[in-house]
Amino acid sequence: MPRSDAVWSAQGTTPDAIEAALRELLVQRHAENERYVPARVLNMIAFVDREWTGEIANRLRAVGRYSPSRLLVLAYEPRRERLDARVTIVSEGEPDAGGFALLRETVVVELGDRHLDDMLTIADPLVVTDLPTVLWSPHGHYDIVEVLLALSQAVLLDSIDEPIWRDAIDRACKLSERAYVVDLAWLRSTPWRERVAASFDPPRHRPELRAIERLTVRHHPASTVSAMLLAGWLASRLDWQPGSLVARGDELLGRAHAGRSSIGRQDVALRLQSAPALQVRGLEGLTLATASGRELSLDRGPGGLRARARDPRGVERTWTIPGASRGEGGILGEGVRQALLRDPTYVPAVEAAQAMLP
Amino acid sequence: LSVAVAAGRPTAPTEAENPLTEGLERLPPPPTALVIFGATGDLARRKLLPALYNLAHDGALPESFYLIGVARKEKAHEDYRAECEQAIRRFSRRTPDDDVLKALLENVKYVPGTFEEDSVYTELHRLLDEFEEQAGEPLNRAFYLATDPSFFGVIVGELGRSKLAQHAQAEVRVIIEKPFGTSLEEALELNRRVLAVFDETQVYRIDHYLGKETVQNMMAFRFANGMFEPLWNRNFIDYVQITAAEDIGIESRASYYDKSGALRDLIQNHMLQLLCHVAMEPPVSFTAEEVRNEKVKVLQAIPEPTPEEIPEMAVRAQYTKGHAGGEDVPGYLEEEGVPQDSITETYAALRVEVDNWRWAGVPFYLRTGKRLARKLTEVAVTLKPVPHLAFSQAGSLGVQPNQLVLTIQPNEGVSLSLVAKIPGTRMAIRPVNMEFLYGTSFLSQSPEAYERLITDAMRGDATLFTRNDEVEAQWRICDPIVEFWSSRQDRMAHYEAGSRGPEEAERLLREGHRWRAV
């Protein structure tokens, strides 16, 4: 699709001048063709290291229609003295006859240490009032996140990116107290959660939710957090009281005490296994076994999830549940979309994961 | 989804609940075998198979999903799978992923035969049992009738006779495409035959308009915004106008269209459903039964037109040759496959009233047509004029009462015409538009109507499907007009292709009312 851009840039500028330039560019575009209309869905503030702005721009380009309507990139370079800015207004093509073309705005502000104390006064005039704002700081900078939370209703993070996964869970819990957290590590588990929920949804299978006695989650070596979140989800939804996990080789092992509603009050054995052969981040598979002898395994496979089910008589079958990978661009786009929604189950899941930390 | 917790905090699961569904935006439907009758037809190829692929792509099909195609031509399972693949590659809204497509097609089978043949149903029985054996559990069954409507009754009867309409351990549903009959008599007979085999709760009558996000939005617009409800009645609304205009002709559908016509093709179903959305009372809840109860009340409040009233409240017309998209186009009677003496209308306009407390005296104008100036579906609600305009008439331009327009296509949105002061020293005024386009405020793409409807049917949610009493009430309104028109060959008006429609439509309008430009 052809794109058409309007650009403004300035060195040594001010937030007021940037904001005036934005308004002027929008007026110009509208004057060119009144069917150019600005998208008004969501602001995103991205606080990034300046040297990585290109990489972040590439990641955001991959989200396609899930692009925020106004993206404010605060590109940080410690020794920078001057505030430089570039405003781009992009339309994804020309308006069709009788149709319209959406405009999306990107504001890149380059700043340094000397501007950090005034961060709020720089960012505030540059977000669209009355639109929800999501904050993303992919390179850490949690002290700045604390400041910019004042302008944001949601925070986008990827717990997998944290070098130390225990810190990731603690941080997610802490941030959740102040804002709505959209965790890409959580979103990677959505298809798995949907399938597990659907598998136990037929009324004849629901009682078995109370009889789960074993959970194994297989994950990319750098995605322990994903496995913890999935285990935390099941624990929080099914009223399990998990204890701390213990590391043994490439595995984390532990038990959860199933609550009052469980059949026979049996405990649940938890095993989080690293899967070194997995090429992509996230989960490789999971296995759930119930006291009745039923077992369900789901694993990544070509064209979807490879399912293996064993019934209490020991009869096994395997099949593929179709589904396409969303890719990392799709996950990030989903993260932007989720910033407008509210999933009440993440916080209980991450808190349960916190309770499992070794 | 069942809600087992407050604010996301879990409680102990009980047998009746599935606490894992909380927080999920969607839950794949239960294990299902879908049987498509008319599996090689246009609808299946263009809409149903691509919709199934896209559900598979999104991981939204049931955990165990099997598809059986039934059609007349003899062919092997493999050949049918190849046809499915071809249709999906051609008509899917996204480029298929080879692995996903392969996984979907793994569980596709084909049953050849005519719809009256016992052997078809015996084979269906065998395959469905085989699939259940393979799945290791009972499968819900959904029979999708995508055939010519003349087969609906036959297929349903055969499903009953062959004991396929019930299952001791699973749900069985039948999905019936439109048109549901071509007259009230046919609709009643079809309902009688369907309900002799299936319970009404098993029947899903498709009106794909109801699956459109835009139509569903009308309910959100009316019932989630407090500012409109106080005005939404006869005291403030002068008239309502519902338009479904198409710029295309009949294309290759002459054999269907010439038997149907504009009234039966669009007004009897889609447009009366739109009217219901505009006029219904707020339902107690958004369950299938509550929503449909309210809609049927609206239909029942529209009086059945008498032969004396019809010339005053209904206009029909045919397009003659003209211009569309800068090209010469033929008139309806010159279209390929249309009989020279056809009296099928390609344009229909009605004025109806909803005789209830809220709407008494408010005319609802409905119009639809082929080969009009442009493609447009909208609902325009015109408010009564202000009682006194205390502004200078000199210099004021085109002041009209406020109009609220809900555009369904092509650019879904809401527009409100207001009157504003023209900048300058004089107190002169003119109308301006306050416009809202849905596309500017949402990131997500609306799912295709058929993806939504197939999922809902597999899940057992009938909210977006038409109930038997709705269908019958719709026919009660349209049937007398169809009969009247077919008995009066001389009353056909004409309009030039590419125009705004026939002049005769003006006579339906009450004083001071006007058709909006198409």
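How many residue pairs are in polar contact between chain A and chain B? In this predicted model, the count is 18 residue pairs, with both residues at pLDDT 80 or more. The side of chain A that touches chain B draws at least two residues from each of strand S2 (36-38), helix H7 (190-199), helix H8 (224-237), strand S18 (316-322), helix H9 (327-338) and helix H10 (346-355) of chain A. H7(A) supplies the largest share of that side, seven residues. By residue class, the side of chain A that touches chain B comprises 28 nonpolar, 18 charged and 12 polar residues.

The size of an interface is often given as the accessible area lost when the parts come together. For chain A and chain B, the area buried between them is about 4500 Å², and carbon and sulfur atoms account for 55% of it. Contacts link 58 residues of chain A with 53 residues of chain B. Three salt bridges are counted between the two chains. One salt bridge joins the side chains of A:Arg337 and B:Glu25, at 2.4 Å from N to O.

The largest nonpolar core contains 160 residues, and those with the most contacts inside it are B:Ile36, B:Phe37, B:Leu124, B:Phe143, B:Tyr144, B:Leu275 and B:Phe364. Helix H8 of chain B (residues 254-279) contributes the most to this core, 13 residues. Beyond its neighbours within four places in sequence, B:Tyr144 contacts B:Leu34, B:Val35, B:Ile36, B:Phe37, B:Leu43, B:Leu48, B:Ile175, B:Glu177, B:Ile206, B:Tyr450 and B:Ile454. Another core, of 117 residues, lies apart from the largest one and includes A:Leu156, A:Cys173, A:Leu184 and A:Leu245.

Definitions and conventions: Residues are numbered from 1 along each chain as its sequence is written. Chains are lettered from A and ligands numbered from 1 in the order in which they are written. This is a predicted model: local features need pLDDT of at least 70, side-chain atom pairs count only at pLDDT 80 or more; totals for chains, interfaces and linings use all residues. Side-chain values use heavy atoms; hydrogens and water are left out. Contact means heavy atoms within 4.5 Å. Buried area is the accessible area (1.4 Å probe) that two parts lose on being put together, summed over both. A salt bridge is a side-chain nitrogen of Lys or Arg within 4 Å of a carboxyl oxygen of Asp or Glu. A polar contact is a pair of N or O atoms within 3.5 Å; within protein, one must be able to donate a hydrogen and the other to accept it, and residues adjacent in sequence count only if both atoms are side-chain atoms. Helices (H or I, at least four residues) and strands (E, at least two) are DSSP runs, numbered from the N terminus. Ala, Val, Leu, Ile, Met, Phe, Trp, Tyr, Cys and Pro count as nonpolar, Asp, Glu, Lys and Arg as charged, and the others, Gly among them, as polar. A nonpolar core is a set of buried Ala, Val, Leu, Ile, Met, Phe, Trp, Tyr and Cys residues joined through side-chain atoms within 4.5 Å. Buried means under 20% relative accessible area, exposed over 50%, partly exposed in between (1.4 Å probe, protein chains only).
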